[in-house]
There are 2 protein chains.
Amino acid sequence: MHVPLDDKLNAFCPDSRAYLQGADQGPLAGLTFAAKDIFDVKGHVTGGGNPDWKAGQTAAEATAWAVEVLVGAGATMVGKTHTDELTRGILGVNAHYGTPLNPKAPGRVPGGSSSGSAAAVAGGLVDFALGSDTGGSVRIPAGFCGLYGLRPTHGRIPLDGMLLQAPSYDTVGWFARDPDLFARVGAVLLQTRIGPIRPRRLVVAEDAFEVADPSVREALEPLVERLGSLIGLSSRERLAPTSLSDWAAGQRVRASSESWEVVREWIDRVNPRMSFHVAESCLAGRSLTPEEVAPALVDRQKVMARMGALLAGETVVCLPTAPTPAPPRTQTMSERRPLTSRIVQLTCTAGTIGAPQINLPWAEAEGLPAGLSLIAAPGSDEMLIAFARQAAETLQID
Amino acid sequence: MHVPLDDKLNAFCPDSRAYLQGADQGPLAGLTFAAKDIFDVKGHVTGGGNPDWKAGQTAAEATAWAVEVLVGAGATMVGKTHTDELTRGILGVNAHYGTPLNPKAPGRVPGGSSSGSAAAVAGGLVDFALGSDTGGSVRIPAGFCGLYGLRPTHGRIPLDGMLLQAPSYDTVGWFARDPDLFARVGAVLLQTRIGPIRPRRLVVAEDAFEVADPSVREALEPLVERLGSLIGLSSRERLAPTSLSDWAAGQRVRASSESWEVVREWIDRVNPRMSFHVAESCLAGRSLTPEEVAPALVDRQKVMARMGALLAGETVVCLPTAPTPAPPRTQTMSERRPLTSRIVQLTCTAGTIGAPQINLPWAEAEGLPAGLSLIAAPGSDEMLIAFARQAAETLQID
């Protein structure tokens, strides 16, 4: 039975509204969800946000692992959601299918690339939704749309049946409005129990806060204080020995060279239509030389060593999810470019080290959602999810 | 009165079939023509081959100069024709509107960017058609579709009301199947009389012939001999002191840096959808530094000096219009790239020096049109047109 969706948000792909009835019983029975249109659903074409990509695909022969386990746990999938072209974008802008509306920030972008999933959850069209996060594609839309959203530990949730961008960094993530529901979904996707584990130490990432606008810093500061009291031990430190912009530059080199390899054969064969900024991003990957990529791969080890030391002993690092609230939908490319660079300074750390990062949608700046993020050591997904649920209760966040 | 067109060639823009009834009397009375969809027609939107460009335009307030004079001379305009996106392309490939068919070479591209105009004339849908030529956009489709086509002297035909690519190199050109009709149209567009002036010397450009496939060289060689006998004095020379690929590289730098300036504000504002190869070409222009452009501008003077000396005294230089017959429609980008580079080696000379170049559709290679080109000194358009007409008669080419 298909429930017609009243999608005033342009969150859903109108022509591939894959519907999968959830199992009768299970921890998610009775819930509805949506999946970014990069997850395969048997019998449906995976569109990936680009019409020329879609035109070259046939109906999927199997359903993506993540979708399968959610449906098996009782959740009903009601449709596929819009994405930035081939997940290449961080703002949710898609010229082919239209940029989904941000229900929490009218006139602003929803964030991306899991744009439609975030919009659908924030607008109440579904209980939760699947996205993916390579360079921030769950965290940023969660931040801009005021949702719980997790980039899990790299490799913890199987990518089977998902369109890849850069496999060394690709992850399956999800969004929810409510921390308890968020944890229930997480238990299914991570195949785990979300127990009462909690962080023992909070590190406030000073250099990350410096990247953010004053309005965002001011909005998050009281929250950071309250989290500090809750956790007990807290300190302020700089993450990067030089600058987060160096870490961001390295991550862009690594991810974009890898993501060029993923699309190069297809691009050469199809000469696809793309928005200019997407073609530009692909070509940035193509232009990288081995001499540029090799040192970036070495640098990755340094970031891992630094962060590994910092995150030991159930430490969480807190930082702004995004440097600003969601920007206007109407910006030019040259207005967006510096913002994107700042965003990557905040998203690059977890991506580089494969660590989980959760967005806590507990603040507002300029009347718009302003998310606080927590990063924990790889494998500590449960701790972040459990702490979000517990802290929301303790701090009486509704 | 609109005559419905049976456009099986996808030559015409179906949604902007501007119709202008020709004047009752005049040298072109009773003829029909089409114009590339970069020429303004009052009351119609100029599409330029890109839907995001088109969406930002309003109906033209005036008709382009070239269209106006043709209609005033009695010709009836029956519609606008497809073009490569914003005239950026040489093969006629347009993913938004479809690549026009080449009536003389099934399964092959028509050449571009004046693709629809060439297809419409070659397929007999109109008597003649307007195109534009910046880097070969009349000459190459004329060559691939077996038509008379002229890139005129730069500046001889006003560009008013035409979408520009790189104004230092942009020209208005035209196509016809018949040399006499070609000359009649030329007399109107050039506001001249096509008298019996003829070349006094023929230079066979050896380095240009070396760029072409053996099949093309063999197809053109007998024709070169006959033209040599007709003209009297002839010699074989190399055009470039080093290599035509150096001349081509310089012209690409000059034209692409200038053409980036033409679109940069629009691209930044609109973030348009483009085929990958078009975005790539735009970004190649953007990536050029003043340190790369400055020497290319100096080199232009050297090419002008060399060619000025060679073309003095009613000399014409002959060369293959294109290095191969029209390539298959299905090539990948990496298959097209080396061909495009070779094409530019043959088209760059006239573009660099602002000289006229005519395609003579008098040969076939591999059963497909193979054009021979003549270049004359700037201002000698009449001589090329008159000689084409006279030689066609003398050589009994039908």
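In this predicted model, the largest nonpolar core comprises 159 residues, and those with the most contacts inside it are Leu130(A), Leu130(B) and Leu227(B). In soluble globular proteins, nonpolar side chains tend to be buried together. Apart from its neighbours within four places in sequence, Leu227(B) is in contact with Leu202(B), Leu360(B), Trp362(B), Leu372(B), Leu374(B), Phe387(B), Ala391(B) and Leu395(B). Another residue of chain B, Thr349(B), lies in helix H11 (residues 333–353) and is buried, with a relative accessible area of 1%. Its contacts, again leaving aside neighbours within four places in sequence, are Leu239(B), Leu244(B), Trp247(B), Met307(B) and Ile375(B).

The sheet of chain A is open and mixed in its pairing, with 10 strands in the order E2-E1-E3-E5-E4-E10-E11-E9-E6-E7. Strand E2 (76–81) and strand E7 (233–237) of chain A stand at the edges, and because each has a single partner strand, one side of each is left without a neighbour in the sheet. From one strand to the next, the twist averages 25°. Within this sheet, strand E4 (residues 148–151) and strand E5 (residues 171–176) of chain A run antiparallel and are joined by 3 bridges, with Gly149(A) standing opposite Phe175(A) of E5(A). Helix H12 (residues 381–394) of chain A packs on the sheet, where it touches E4, E5, strand E9 (315–320), E10 and strand E11 (368–375), and its direction makes about 30° with that of E10(A). Helix H5 (residues 179–189) of chain A lies across strand E3 (128–133), E4, E5 and strand E10 (357–365), running at about 155° to E5(A).

| Asp37(A) | Lys80(A) | 3.1 Å |

Lys80(A) lies in strand E2 and Asp37(A) in the loop between strand E1 (32–36) and helix H1 (51–55) of chain A, so the pair ties together parts that are 43 residues apart in sequence. Lys80(A) is buried at 0% relative accessibility, and Asp37(A) is buried at 3%. The pair of Asp52(A), in helix H1, and Arg273(A), in strand E8 (residues 273–275), links parts of chain A that are 221 residues apart.

Technical notes: Residues numbered from 1 in each chain as written. Chains lettered and ligands numbered in written order. Predicted model: local features only at pLDDT ≥ 70, side-chain atom pairs only at ≥ 80, totals over all residues. Heavy atoms only, no water. Pairing = 2+ DSSP bridges. Helix = DSSP H or I, 4+ residues; strand = E, 2+ residues; numbered from the N terminus. Axes fitted to C-alpha atoms, helices over the stretch in contact; angles between N-to-C directions. Contact = heavy atoms within 4.5 Å. Core = buried A, V, L, I, M, F, W, Y, C linked by side-chain atoms within 4.5 Å. Buried < 20%, exposed > 50% of the residue type's maximum accessible area, 1.4 Å probe, protein only. Salt bridge = Lys/Arg side-chain N within 4 Å of Asp/Glu carboxyl O.
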